[in-house]
Amino acid sequence: MKATLRTVRLALAEPLRISRSTMTARDAVWFTVEHEGLTGHGEAVTSVYYGLNTAELERQLYEAGLDLGRFGDPESALGERPAGDRPPAVTAAVEAALLDLCGKRSGLPVHRLLDAKSARTAPSTPSAPSARTARTIGIVPAQRAAAQARSLADSGFTVIKVKAGAPDPEDDLDRVRAIASAAPRARLLLDPNGAWTSAEALQLLPRYAELGVEAVEQPLAPGDQEALARLADRSPLPLIADEDAVTYEDVRRLAGRLHGVNVKLAKCGGPYEALRIAELIEGSGTELMLGCLTASTLGLAPAVHLADRARWADLDGHLLLADDPWTGIGGADGVVRASELPGLGVRERRVGREDAA
């Protein structure tokens, strides 16, 4: 097998402000594996929060490509965990490329390959997973948020995720109030990205409950799972862990103690690890949220192939871009859809055809 890399710049359609930062663009490194005339693709994106810059991603993916040389085919490589201690985002990108390639070789979409790996009984006539995805509105003035919410509702979005954590908590409340008024039928999720203390959360959560918010993601700064679990016991709203639910062991400690965990392939290590986590929490009272980083359709596609397993889908990273260089999962109408095409079922826009066609 031969692996190649390509680095591209992904610019956002507009700056995305959250409690700890504002993002306007990020780099993506595309990892391509070729074997016997077919190619599979995966993507890893830079992240300041996870300490991954462009040079580090390129180095790690280059080494991962060299490691694949010890396998005779992608199926063998997919069946073994990678050598070394690589960042989860790198492992996820390599696994996505191998799944894409194995799917093309077998003529099966990735969700069928994942069903075969899962302990869950696959349906006799499996259909491609789809889900209503949340669409994120960042920390913006209330009037701007209302206009965005109205436009999203008109486009078909029924779930809106609102970023919180402004210096003045009343600004966040005004934003949510404006969004609820502009899109009264939308389900609202709130994400402070760890901006609140426990005391602030206990004061604010009842007010958001009154505004109709459905659930709140990572209200407290990460690093104290016990504090988050204690807050969940007293919260009038379901709480979902994100930054405190990175690894399988993180989730194991939270299972049954929180209402949900946000699983992102780039932080857990790929679709197979996401399956392990989904099976871990099944029946525990903790439900699955599938999340993402801002990335292209290529980066989002593996998670979309798992979308039917999640209580909440937050798979809008590609929709935040000024120009998504890949296509194949939709989402502009509020619904992301996996494909029944072999592999991930995505294609690069400038190529204009399926890679293995």
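## Helix α6

Helix α6 covers residues 169–182, 14 residues in all. From first C-alpha to last it reaches 20 Å. That is close to the 20 Å expected at 1.5 Å a residue. The model is predicted.

At the start of α6, Asp168 makes a contact through its side chain. One of its side-chain oxygens comes to within 3.0 Å of the backbone nitrogen of Glu170. Further along, the buried residues of α6 are Asp172, Leu173, Arg175, Val176, Ala178, Ile179 and Ala182. Several elements cover these buried residues. Among them are the strands β5 (135–137), β6 (159–163), β7 (187–191) and β8 (213–217). The helices α5 (142–155) and α7 (198–210) are also included.

## Glu273 in helix α11

Where does Glu273 lie? Glu273 belongs to helix α11, residues 271–281. Its relative accessible area is 12%, under the 20% cut-off, so Glu273 counts as buried.

The side chain of Glu273 has a polar contact with the side chain of Arg276, at 2.9 Å. Setting aside neighbours within four places in sequence, Glu273 touches Tyr248 and Cys268.

## Aromatic pairs

The model has 3 aromatic pairs. One of them joins Trp30 and Trp326. The ring centres are 5.4 Å apart and the planes stand at 85 degrees, so this pair is edge-to-face. The pair links distant parts of the chain. Trp30 is in strand β2 (residues 22–35), whereas Trp326 is in strand β13 (residues 326–327). The two residues are 296 residues apart. Both Trp30 and Trp326 are buried.

How are the rings of Tyr49 and Tyr50 arranged? Their centres are 5.0 Å apart and their planes are at 90 degrees, so the pair is edge-to-face.

## Charges over rings

Tyr49 also has a charged group over its ring. The charged end of Arg20 sits there, 4.1 Å from the ring centre. The ring of Tyr49 thus has two partners described here: Tyr50 in an edge-to-face pair, and Arg20 over the ring.

Which charged end sits over the ring of Tyr272? It is that of Lys117, placed 4.8 Å from the ring centre.

Key
Residues are numbered from 1 along each chain as its sequence is written. This is a predicted model: local features need pLDDT of at least 70, side-chain atom pairs count only at pLDDT 80 or more; totals for chains, interfaces and linings use all residues. Side-chain values use heavy atoms; hydrogens and water are left out. Helices (H or I, at least four residues) and strands (E, at least two) are DSSP runs, numbered from the N terminus. The expected span of a helix is 1.5 Å times one less than its number of residues. Buried means under 20% relative accessible area, exposed over 50%, partly exposed in between (1.4 Å probe, protein chains only). Contact means heavy atoms within 4.5 Å. A polar contact is a pair of N or O atoms within 3.5 Å; within protein, one must be able to donate a hydrogen and the other to accept it, and residues adjacent in sequence count only if both atoms are side-chain atoms. Rings of Phe, Tyr and Trp (its six-membered ring) pair if their centres lie within 6.5 Å; planes under 30 degrees apart count as stacked, over 60 as edge-to-face and the rest as tilted. A charge sits over a ring if NZ of Lys or CZ of Arg is within 6 Å of the ring centre and within 35 degrees of the ring normal.
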